[in-house]
Amino acid sequence: MSSGRVLWGVGTPRTMRAHWMLHETGLDYETRPIGSRTGETQTPEFRALNPREKIPVLQDGELVLAESAAIVTYLAETYGKRQGLIPPAGAERAAYFEWCFFALSELDAHSLYVIRRHGDLASLYGEAPNALEAAGAYFEKHAGVAEAQLADGREFVLGANFTGADILLGTCLAWGSFLGLKLGEASRAYVKRISQRPAQQSAAAVNYPPATTS
C-alpha cells in the first residue's frame, strides 16, 4: 500500500538531506529520481509542486514542501521526536535552529554554492576565479566555527543526541571535504562518524545511485 509520501530529487547534497531524514525516521516513501538542470524540474507536473523549479520537494499527503532544511525539520518535528531528531521547545531548540541557519547560510549558500556556480556550472554562470578563491577561504573560516564546537569531544553538534542539525551541518562539511577544502581533525572525525549511521548509508544508496552504462 502506498504511504502517499513522495520525495522528488536525487543526486545532490541538498536532496541527500531529505532522504537521510526520511531514513532516520524509518518512514516509507516513494522516490521520484529527477535531477537538477536536466529539464525534469521544468515540467508542468513539477512546476505545479514547486514553481521555483528546485529539488528536493516532499509530498506528504496533502502537504507539499520544498527547501531541504524545511523538509528535514518538518520530518523531525512530525515523525522524529521519539528518536530525539529535534530538541524540545526552549533553549536547545533555539540552538538547533542556530546551527541549521548557520550551515545553510554561511557554509552552503555563501560558500559551497558559489564554488558550484563558478566551478562545475561555470558554463552557465561564468568563470570567476577570485570568487572561487574567496568562497573557499570563507568556507574554511566558518568550518572553523564548527570545529571549535566539536573539539570538546561531543558526538554531535548539539551534544549527545543526533538531530536534523547534524544532517544539515554534516552534509555541508562533507561537501566541502569532497571539494578539497580543509576541515579540522574534530570535523573530519565527525563527518566520518555520522556517515557510518545506517540511515545515512541507506539514504546515500538512494540519493547517489550508481551510474549505468549502455
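Hello everyone. What we have here is a predicted model, where local features need pLDDT of at least 70, side-chain atom pairs count only at pLDDT 80 or more, and totals for chains, interfaces and linings use all residues. Residues are numbered from 1 along each chain as its sequence is written, and side-chain values use heavy atoms, with hydrogens and water left out.

Let's start with helix 8, residues 185–195. Helices here are DSSP runs of H or I with at least four residues, strands are runs of E with at least two, and both are numbered from the N terminus. Which residues of helix 8 are buried? They are Ala-186, Ser-187, Tyr-190, Val-191 and Ile-194; buried means under 20% relative accessible area, exposed over 50%, and partly exposed in between, with a 1.4 Å probe and protein chains only. Seen down the helix axis, these buried residues fall within an arc of 135 degrees, so they line one face of helix 8. That arc is taken from the directions from the helix axis to the C-beta atoms. On the face turned away from the buried side sit the exposed residues Glu-185 and Lys-192.

And what covers the buried residues of helix 8? The cover includes helix 1 (13–25), helix 6, helix 7 (164–178) and helix 9 (198–207).

Take helix 6, residues 129–150: its axis comes within 8 Å of that of helix 8, and the two cross at roughly 80 degrees. Axes are lines fitted to C-alpha atoms, for helices over the stretch in contact, with angles from 0 to 180 degrees between N-to-C directions. Helix 6 and helix 8 are therefore roughly perpendicular, the word for 65 to 115 degrees; under 35 is roughly parallel, over 145 roughly antiparallel, and the rest oblique. Ala-143, Ala-146, Glu-147 and Leu-150 of helix 6 make the contact with Glu-185, Ala-186, Ser-187 and Tyr-190 of helix 8, where contact means heavy atoms within 4.5 Å.

Helix 1 and helix 9 also have axes within 8 Å, crossing at roughly 135 degrees, and are therefore oblique to each other.

Now for the backbone. Most residues other than glycine have a negative phi, and most peptide bonds are trans. In the loop between helix 2 (44–49) and strand 3 (57–60) we find Pro-56, joined to Ile-55 by a cis peptide bond with omega about 5 degrees. Glu-53 lies in that loop between helix 2 and strand 3, and has a positive phi of about 60 degrees. At 27% relative accessibility, Glu-53 counts as partly exposed.
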